[in-house]
Amino acid sequence: MAKWGEGNPRWIVEERADATNVNNWHWTERDVSAWSSERLRQLLLAIRVEGPEGVCEVTDVSKLDGEASINNRKGKLFFFYEFQLRANWLGTSCSGVKYRGTIDVPNLSDENDEDDLDISVSLCKDQPSTPLLDLMKRSGIKEVRMVLGQYVHDLKSDFSQGMILPTADGQKPSTPVVTKKKQVKTSKIQITSEAKSSSNPAPCPTGFRIQTCCFSLKETFLTSADELYRTFINQEFVQVFTRSAATVDGRRGGIFQLLDGSVSGEFSELVPDQRIEMRWRFRTWPNDHYATISLELVDRGDATELKLECRGVPAGEEETTREGWNRFYFQAIKQTFGY
């Protein structure tokens, strides 16, 4: 994507390329959509099944929409792919009569295992009923499922090594851990908000008082509490998921500035792996006005639940602020680190 925050100009941050990638801290991405399309076509066009009913084979791929990419961060690989495809098949009965049909796969994605793919076969509308359709449902679907699994295997085996870059001492990191985005998306996003006017408007140093509101968010991350805690207070982590330069002093009283200065503030309380409290502001808010953000991390075993409480947001800014936290913190962290 070219810009972050498109649709809300106050959150826009230009995406920057980082050529050094020392120790694989920075996010590197490789687009493999063209390779994937070609490989999928090769595999599908090789499908041929035989039975007492006759012979069926795939003749062409009429639809192949989607994209694929490989990302690397600190020696971990993330394979992202999502395609919708349609292939045409030709069947020849034992008596030599030919029939045409289609194969549809709407959900070839890293979210779905091979056995979870929805594969359907059918005859073209102008074709009469034939036992060859049963052959395709019985054997053809199995072949399609197998070659789509082969595509995923080839994707991971052919591109893994090239995505792992040298570390600062010139050595290559250990064998990468292949992580599926499925782990990211199976985490249900739970967002709740409570918008209400504060009974105590926040004072503004310029001599007037402004009305404020508050809201809450809840999100689940598939990572440990200590890892998630570091993601919010470590400068290198912040620069990775915001894809821009940032200043983050992860100590009590330490200041932070990120998203090209659109966001700034100060850490007011830090309880390692449990709670982060901060004074936080948008650049467009009244001068010297800060909201209070509290992040509570709850260890759920194989996941961490994060509860955000935000107080003191200027009235009229609640929706923008909530959207910004959800999109440029929570979803950016999930997409970048696979949490």
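What is the handedness of the crossing of α1 and α2? The legends below take up this question together with other close-up views of a predicted model.

**View 1. Helices α1 and α2 cross in a right-handed manner.**
Helix α1 covers residues 33-45 and helix α2 covers residues 132-159, and their axes, which come within 10 Å, cross at roughly 145°. On the α1 side the contact is made by Trp 35, Ser 36, Arg 39, Leu 40, Leu 43 and Leu 44. On the α2 side the residues taking part are Val 144, Val 147, Leu 148, Gln 150, Tyr 151, Asp 154, Leu 155, Asp 158 and Phe 159. Sorted by class, the residues of this contact between α1 and α2 are 10 nonpolar, two polar and three charged.

**View 2. Helices α4 and α5 pack at an angle of about 80°.**
Helix α4 is formed by residues 225-233 and helix α5 by residues 235-242, and the axes of the two helices are 6 Å apart. Because angles of 65 to 115 degrees count as roughly perpendicular, α4 is described as roughly perpendicular to α5. From α4, the residues that make the contact are Glu 227, Arg 230, Thr 231, Phe 232 and Ile 233, while α5 brings Gln 235, Phe 237, Val 238 and Phe 241. The contact of α4 with α5 is made up of five nonpolar, two polar and two charged residues.

**View 3. Helix α5 also packs with helix α6, at an angle of about 90°.**
Helix α6 runs over residues 318-337, and its axis and that of α5 are 8 Å apart. The angle makes α5 roughly perpendicular to α6. In α5 the residues at this meeting place are Phe 237, Val 240 and Phe 241, and in α6 they are Phe 328, Tyr 329, Ala 332, Ile 333, Thr 336 and Phe 337. When these residues are divided by class, the contact of α5 with α6 has eight nonpolar and one polar, with no charged residues.

**View 4. Asp 273, in a loop, has a positive phi.**
The loop that holds Asp 273 lies between strand β16 (263-271) and strand β17 (275-282). Phi of Asp 273 is about 65°, although this residue is not a glycine. Asp 273 counts as partly exposed because its relative accessibility is 32%.

**View 5. Asp 288, in another loop, also has a positive phi.**
Asp 288 is found in the loop between β17 and β18, the latter strand covering 291-299. Its phi is near 65°, a positive value in a residue other than glycine. With a relative accessibility of 55%, Asp 288 counts as exposed.

**View 6. Residues 1-7 and 12-26 have pLDDT under 50.**
For residues 1-7, where pLDDT stays under 50, the model has 22 contacts beyond four places in sequence. For residues 12-26, where pLDDT likewise stays under 50, the model has 48 contacts beyond four places in sequence. Over the protein chain the mean pLDDT is 80, and 76% of the residues reach 70 or more.

Definitions and conventions
Residues numbered from 1 in each chain as written. Predicted model: local features only at pLDDT ≥ 70, side-chain atom pairs only at ≥ 80, totals over all residues. Heavy atoms only, no water. Axes fitted to C-alpha atoms, helices over the stretch in contact; angles between N-to-C directions. Helix = DSSP H or I, 4+ residues; strand = E, 2+ residues; numbered from the N terminus. Parallel < 35°, antiparallel > 145°, perpendicular 65-115°, else oblique. Contact = heavy atoms within 4.5 Å. Nonpolar A, V, L, I, M, F, W, Y, C, P; charged D, E, K, R; others polar. pLDDT = per-residue confidence, 0-100. Buried < 20%, exposed > 50% of the residue type's maximum accessible area, 1.4 Å probe, protein only. Left-handed = near helix turned anticlockwise from the far one by under 90°.
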